[in-house]
Amino acid sequence: MFLWRSPHRWYFLLALLVGGGAGWLGWKNEVRAVSGAGAPPLKFRSATRHLLMDRSQKDAFARLNELRHRASWMDLTTAEKRECWEIFRSFSEQQLTAYLDELPLDNGKAANWTLACMVFHRWAQLAPEAAARASMTPPYSKHRELAFPIIGAWFFNDQERAAKWVNLNGSQDMKNAYERIAGKAIFYQDPEGGLEKAEAIGPEALRAALIVLASKSAATRESRSDYLKLLAENGDPMHWFSGTYSLVLAAPEEEVEGLLDDVADSRIPEDLAKEYRNRLIDRLIRIDHERAMEWAMSGHSGVSDEKRLTMFETWAGMERWDEAAEWAMRSGRTDFISASVRRQANAMLRNGWQIGHQPDFGADLPARYQTWQAQEPEAAGAWLGSMPLDMRKFVKEGSADGHAR
Amino acid sequence: MGTRGKSVRTSICWLLVIGAVAFSSNRSAKYLARAGYFQSAVPGHSKTSGGNEVRSIRPSTEHEPREIEAVLTQLLSIYRTRNELWLSFDAQAEVDRIVASLSPEELARIFQGLDALDETSSIDDLYLQVGACWAAVDPTAAMNAALGRSKDRGMYLASRIFRQWAADHPENALRWLDAPDLIPQFQKQREQFRVEVVSGLTEADFPLAQATFRKMSPADVRAVWERWGHSYVEDPAMRERFSSLSKESGDPDAYAAFNKGLMKLWPENDPLGLMGHLEDLKDHLESVNLPPEVRPRIDAEAVGAAILREYNEPALEWWMQRYSDSDVLPPPLGRALVTWVRNKPEISMQWLQDQPRSPQRDAMGSVIATSLMTQQRFSQAASILATINNPETRTAGVERLEILWKEKDPGAAEQWRKALPPR
């Protein structure tokens, strides 16, 4: 009553209204931002646009939003992606950009990102220059990977114009995306001269072409040798790295041992050969542990004893202790068994292992110790005596016979 | 002039006041919204969700026999001309259309055909897409084929195919995992895959998730709830909804794990929500009826989570009031202490030094000293070990410290060892 009589009543009322309105807006926008996959703040433009939309467009937007909100923190499923793409294919350029406004890209939700890629891809099919320009200006310019869906559409629609435009106006990200897509595609279009054409486009294009060539060169010793020679001649460490990686990955399983012989190829520079060899070893040890070990143990492999022990531990670490230990005993390398017990226990102590607190951490140490103890009871016992009380207890209680000293 | 000047001044003042009111009301409403105030526990987008059904890609039952070679060539030409398949949505749809018209036998032959190419490793995208379509009609055959492709990469490919298939057909995928004659490689990781599929079910099919819980180990059910905690920590409505669901589930570990997931990732910009949640958590722990053998683990999980959100003082005080006479430190709290010591070594040491001696303090002291050793804070670890009453715990710590300290600084270690009373 007092307020109503006050000469300031209109001001009070205005403060109440404005304060309430601002509060409501703040609340509403935050709820929008944090619910499901999120939504950008309400804006006059977006609100009026919604009012002016026709029924079918409203439904399309609602369906897209429903799918991404339901996905929340996950990505859309394959079937959902197909459905969304069908919807975007029916959109005009205007509708695409309108929907883009509804996608918050900064909250790290996978579904939003997938939809944004689709929108830019479709936009680039309809109006590539506009899409490319939009992706290079805020707020999209910080999402550098958007260059890929754009070039992915543009390059296949109009290779020449895309090349020209990207060269003249493209950001570095756009140029890189162009090179990566073009390098691979050009190599497929022309396997004979593709490598040279890719090189003419740029280093990223050459790298992409070399990766495809690697997978085509992995099958035989001659083709691999030619490929490695090509890489060595090129001399760029970046190409060596990605090229050999792809070659090792593409090599047929039964060929891996033959691959190891490639390393002896005198045409490969020695410093590069070592890196290549280590990568092969990492693959072979997972395919055929025993053959890999045998090869590494042979004199001509050039593998150091330290690396051999690491290989042995990789093998044992794949829940295959018994198998690895049996091999070590057969090959007269019981020192690998004791070394791996010591190394494992040391790592546990150094990394704060506590009895019963991390059940998986060093779980097979008692079994490893038992193998060692059966081989060299005195040395094993002496080592165990030097361990702290809790470690002794863990090793003893964990071993089945319980007689460890 | 005087009156007019005054009224202008008054108006300006009022405008400023209104602006300030608007600003602060907007800001505080934002915090309230983030903390979940005035929101219904049913998220808006779920209310309207009419059909959960998404058109699924299933090979049709009617198809004409055709030349497998021709189909393979067609697929490869799509792939080679539009090589970055992951970002060519038209090409993906085109591959789907072709594949959807094939019979399981034809799919098997296509898959083999892709395998035989010398460029297999660079066409993973195509391989996976065809594989997932095949899995929809004959999962065992598809997974076996992927596994057979390579000893070292086979499981990787098979799991990707499985995930892609399971995302659209969770019920079938779970049923497939249940089969007693499941492929051996999948048997080994059956639990892990179940956790993955069920974690993704929240909004799509929560009843199916609940039904599957009955087949899962308690540890796996906990893993799912913890993931949901991670996932919904920033979404107040879902947070509230899953909080209630976990409390109502009848499994005390469900809420404990959900809470752990929440607390780990609770956003810094929502202090109001976090405080409210901690109050709620305390009330829940004090009121809920738990079997005595379960109680310490549930309490430890909550206290451990609170420590990591710098709510250490009240949480630990609460814990010590209840458990100081116990010499058992449940692993969840032990792990939280390790992280706490790593992040705040001085504060955590001081807290321990201030505690009256008790069996629980001994157990915590051992964990804190061990954690200090991993940071090579040897003399600080030594001073904590000196205050441990339990002889066995102290000896284990001293022996460990001796080994680690000697490695780094034999002189200092020797000096410390000499000053200790004889064993």
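Hi everyone, let me start with chain B, which exposes about 20,000 Å², with carbon and sulfur atoms supplying 53% of it. Accessible areas here come from the Shrake-Rupley method with a 1.4 Å probe, and for residues only the protein chains shown count as cover. Before going on, please keep in mind that this is a predicted model, where local features need pLDDT of at least 70, side-chain atom pairs count only at pLDDT 80 or more, and totals for chains, interfaces and linings use all residues. Residues are numbered from 1 along each chain as its sequence is written, chains are lettered from A and ligands numbered from 1 in the order in which they are written, and side-chain values use heavy atoms, with hydrogens and water left out.

Back to chain B. It has 24 helices and zero strands; helices (H or I, at least four residues) and strands (E, at least two) are DSSP runs, numbered from the N terminus. Of the 423 residues in chain B, 50% are buried. Buried means under 20% relative accessible area, exposed over 50%, and partly exposed in between, with a 1.4 Å probe and protein chains only. Among contacts in chain B with a separation of 6 or more, 63% are between residues 24 or more positions apart, a contact being heavy atoms within 4.5 Å.

For a covered piece of chain B, have a look at helix α11, residues 190–199, where seven of the 10 residues are buried. Those include Phe193(B), Val195(B), Val197(B) and Val198(B), and also Arg190(B) and Arg194(B). What do the buried residues of α11(B) pack against? Their partners are α8 (154–168), α9 (170–178), α10 (184–188), α12 (206–213) and α13 (218–232) of chain B.

Now to the interface. Here 71 residues of chain A are in contact with 77 residues of chain B. Together the two chains bury about 6,600 Å², 57% of it on carbon and sulfur atoms; buried area is the accessible area (1.4 Å probe) that two parts lose on being put together, summed over both. Arg70(A), Arg82(A) and His357(A) supply 11% of the area that chain A buries against chain B, more than any other three residues.

Between chain A and chain B there are 25 residue pairs in polar contact, both residues at pLDDT 80 or more. A polar contact is a pair of N or O atoms within 3.5 Å; within protein, one must be able to donate a hydrogen and the other to accept it, and residues adjacent in sequence count only if both atoms are side-chain atoms. On the side of chain A that touches chain B, the largest share, 14 residues, comes from α2(A).

One example to zoom in on is Gln354(A), in the loop between α21 (334–350) and α22 (365–375) of chain A. Is Gln354(A) buried or exposed? Gln354(A) is buried, at a relative accessible area of 9%. Leaving out residues up to four places away in sequence, Gln354(A) touches Ser366(B), Val367(B) and Thr370(B), and its side chain makes a polar contact of 2.5 Å with the side chain of Thr370(B).

On to charges. The whole structure has 49 salt bridges over all chains, and seven of them cross the interface of chain A and chain B. The rule asks for a side-chain nitrogen of Lys or Arg within 4 Å of a carboxyl oxygen of Asp or Glu. Arg392(A) pairs with Glu399(B), the closest N and O atoms being 3.3 Å apart. Glu407(B) and Arg350(A) meet at 2.9 Å, N to O, and this pair runs from helix α23 (residues 391–408) of chain B to helix α21 of chain A. Glu407(B) is partly exposed at 42%, and Arg350(A) is partly exposed at 36%.

Helix α23 of chain B also holds Glu402(B) and Lys406(B), four residues apart, about one turn of the helix. They form a salt bridge, with the closest N and O atoms 3.2 Å apart. An α-helix has 3.6 residues a turn, so residues three or four places apart point the same way. Glu402(B) counts as buried at 15%, while Lys406(B) is partly exposed at 36%.

Within chain A, Asp282(A) and Lys307(A) form a salt bridge at 3.7 Å, N to O. That pair links helix α17 (residues 270–287) with helix α19 (residues 305–317), 25 residues apart. There is also a salt-bridge network linking Asp305(A), Arg308(A), Arg333(A) and Asp335(A). Thanks, everyone!
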